[in-house]
Amino acid sequence: MLPDLTVAGADLPVRAALPALVTALTDGAAQPGSGRAGGAAVLVAPPGTGKTTLVPLALADQVSGRVLVVEPRRIAVRAAARRMAGLAGAGGGAGEEAVGGAVGYTIRGERRAGPSTRVEVITTGVLVRRLQRDPELPGTDAVVLDECHERHLDADLALAFLLDARAALRPDLLLLAASATADTRRLAAMLGAPGQPAPVVGTDASMYDVEVVWAPPPGVITPAHGLRVDPRLLDHVAATVGRALRETSGDVLVFLPGAGEITAVASRLAGHRGAVDVLTLHGRQTGGAQDAVLRTGPRRRVVLATAVAESSLTVPGVRVVVDAGLARSPRMDHARGLGSLVTVRVSRSSAGQRAGRAGREAPGRVYRCWSAAEHDRLPAQPEPEIAVADLTAFALELAVWGHPGGAGLPLLSDPPAGAMEAAGLSLRALGAVDETGRVTPRGRSIAQVGAHPRLARALLDGARAVGARRAAEVVAMLSGDGPAGGPSDDLAATWRRLRNDTDRAASARWREETRRLRAVTEATLAEPDKPDELGELGEAAARGAGGLPDDLAAGLVVGLAFPERLARARAPGSSNYLMAGGTGAELAAGSALTGAEWLAIAVADRGPGRTSARVRLAVALDAATAREAGAVLLRTEDEVAWSGGDIVARQLDRLGAIILAERPVARPDPSLLRAAALAGLRDAGLPVLRWNADALALRDRLAFCHRLLGAPWPDVTDAALLDSAPDWLGPDLDGVRRRADLERVDAGRALRRLLPWPQAARLDELAPERVAVPSGSRVRLDYSGASGAAGPVLAVKIAEVFGWERLPVVADGRAPLVLHLLSPAGRPVAVTSDLASFWRTGYPQVRAELRGRYPRHPWPDDPTTAPPTRRVAPRTRGR
């Protein structure tokens, strides 16, 4: 089938490498039962070298069976099939008329191939499904995995499954992995035998020079978040396109992250339409619209494209590239509960491939909408999807293959453990795998749908409740790269627009996916001996497929897919909602959904710094439908908790975090009451207990002992007491049912439970509550201010300590008292820990200042020998 060089376009750079490539594959091919490795190779060829078109045709001349060419994108599948059909002259024609004969293709929902097809181009997803049905791939002799460098999840799965099948069932199957990058060591090692990598065959592209023009925006651009791109960047891209049209000749290829940005920039280029044709190229277009871009036009063109034009296909006539520097990458989107595309900075390798599109046919120019300094900071390569994407579907495919978690499979990269654990939890919740991770019959049905497991579950379960047609229509709106159908956040309104063909292209895509999903659903549900997969939808099923109006049918299906995002308004008429998963959500101002009591939220996102999510797509539903959709989250439980500053005991009917109804509990579980009391103590703090003067003094004495003597004297700081509250409060918590009961707990009596018996016996010795002074008084010591090695404070009138030559010490002699000497009126006059020194130096000054003010009080010359007194001399009567 290899065309002659006289065929237009057949003389491509890869042609020179074909003999070596064919030899590497066929000479090393193993035959069944031979036990010999071989029949695998790696081809390194940049975009535009002909690897996608000439190599499969050459392989078809070497084998008797079919050659499968596997592409990551549907648009690339159709383009490659048409190109090969034209080169081979299959079926006696060229181009479109020939596709379906010797060269055909299969994508999801569309097949143009027959018994005579020798080369079939398919997507990686189609290959995975075929391998799951029959891993021997009967009738296929060779598989070409194209664009392996892009590291899509399906491509990683397909490669692992192919290698496993070759090792066990099909050692004769030829396998070629084609990559646009030279880093192929891991790939070659996996395709080869142990210690003997598969051969790597390379070819260079015939590239012309491409001039790089750095064209960063003139002002500050807000970084992209989620799917949002700063409109100022799109303004700049449009302005740069205008500049390129003025400064260059030839078609202009503009790289943008997604279809929304393409539409926005196209509208900004309206003023150029008199001189150029503005075309678009992205994966959500119809096949006809995509095909038109891949043919040369009558006049100069501006082609606005996503990354599909980066390496998977070639746009003819391009001499100029304008690169916005952004791409869409899959991430685990917790706002939607499944994988989603987010906007990221392009990698340096991708930027290089984009620039190369300008040098395919002549010298070209690339305008990069960022600076050279920014370019140096870009990642060298894009991250493989397995490292960043949602792995729920990936994990299900592994389980269906018989290798839960991927154990024992030759994967290019190990999946992150956390992502696989989350995927396993989701699959178990869906009933798709059992506790050991093995696939269940329900899981096999979900995997056959060809949609994310959440959506597949909603399709199969929803079909029995609302009918296969309506379930398929709703799921088709949510599947693919993102929700279809327009800017409204009302999913029911979007549904009506799609049915009414308001946007014909969107409606066409939606109907195509609906037909596919409906066919899969009806075939699955019609299988004999199918186990009941309806789950908790008995009431909905009893009402029959036609029993629900469209809005509620949509709400049921969305709720089945995302039960944790069923939401109820926080107040009647409010635009703020609480989702069953516990996160808040709010509608945009002016939303048609405002006022709905219940929502089934399909899409929501939460921006940086926001505590609640913004609803992007939802449908209103009633409480009964919400209960049916969220049956897995329904539960009745007793809640005894500290709430609103008091203990509350109630029985709750819940849908996740949403409280549906509540009733008081007459006899709460004592253990729950105890836990609530402890929670209240942590919330309100220790002052909620009853602290009289004796309790406060005891705490100060214990703190003093702990500080000077350490363990086993207890730590009585707030943090320590809260941590050990169950120990020292003990039985005082029994019977506590409300805050008032906590406020009656005697903290002093409870604190003594912290003291082991030997320490309790020595407390009064080491930290006495009172001390006797020379006057005979027993004065309370103040431990509240004691710090370091200083002892407690003894505050006493100066006359009561006459005769004392030195101060007592506490804590086994470690801490002398701090004496606060008071005047006869009780006012402080001196502070000392060295009483002998005070009598010598301080007392004479105090005596001189106070004897005239307090003449009835004794002020002896030598206080160390004077008798102490608490009394005042009687007043002398005048004559």
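A residue is called buried when its relative accessible area is under 20%, exposed when over 50%, and partly exposed in between (1.4 Å probe, protein chains only). Cys148 counts as buried because its relative accessibility is 10%. Cys369, at 4% relative accessibility, is buried as well. With a disulfide taken as a pair of cysteine sulfur atoms within 2.5 Å, the count here comes to 0 disulfides.

A word on the basis of all this: the model is predicted, so local features need pLDDT of at least 70 and side-chain atom pairs count only at pLDDT 80 or more, while totals for chains, interfaces and linings use all residues. Residues are numbered from 1 along each chain as its sequence is written, and side-chain values use heavy atoms, with hydrogens and water left out.

Let us turn to the nonpolar cores. Such a core is a set of buried Ala, Val, Leu, Ile, Met, Phe, Trp, Tyr and Cys residues joined through side-chain atoms within 4.5 Å. The largest one has 101 residues, and Leu127, Val143, Leu145 and Leu191 have the most contacts inside it. A second, separate core holds 65 residues, including Val640, Trp713, Leu794 and Ala815. Contact means heavy atoms within 4.5 Å; beyond residues up to four places away in sequence, Val143 touches Leu68, Val70, Leu127, Leu137, Leu162, Leu173, Leu174, Leu175 and Leu176.

Next come the helices and strands, which are DSSP runs numbered from the N terminus (helices: H or I, at least four residues; strands: E, at least two). Helix α17 (residues 468-478) is mostly covered, with 10 of its 11 residues buried. Among these are Arg470 and Glu473, along with Val474 and Met477. The buried residues of α17 pack against α16 (453-466), α18 (491-499), α19 (504-525), α21 (550-561), β20 (598-605) and β21 (612-621).

Two of those partners deserve a visit. Helix α18 contains Thr494, whose side chain makes a polar contact of 3.1 Å with that of Arg497. A polar contact is a pair of N or O atoms within 3.5 Å; within protein, one must be able to donate a hydrogen and the other to accept it, and residues adjacent in sequence count only if both atoms are side-chain atoms. Strand β20 contains Ala600, which touches Gly555, Val558, Gly559, Arg565, Leu566, Ala618, Val619 and Leu621, not counting residues up to four places away in sequence. The C-alpha atoms of Ala600 and Ala620 are separated by 6.4 Å, although the two are 20 residues apart along the chain.

Thr832 lies in strand β31 (residues 828-832). Its side chain reaches the backbone nitrogen of Asp834 at 2.9 Å.

| Residue | Relative accessibility |
|---|---|
| Thr832 | 12% |
| Thr494 | 2% |
| Ala600 | 1% |

Finally, there is an open sheet of 3 strands, in the order β22-β23-β24 with antiparallel pairing; two strands pair if DSSP finds at least two bridges between them. β22 (634-643) and β24 (658-664) are at the edges with a single partner strand each, so one side of each has no neighbour in the sheet. β22 is joined to β23 (residues 646-655) by 10 bridges, and Thr636 has Asp653 as its bridge partner in β23. Helix α23 (residues 670-684) packs on the sheet, touching β22 and β23, and its direction makes about 45° with that of β22. For such angles, axes are lines fitted to C-alpha atoms, for helices over the stretch in contact, and angles run from 0 to 180 degrees between N-to-C directions.
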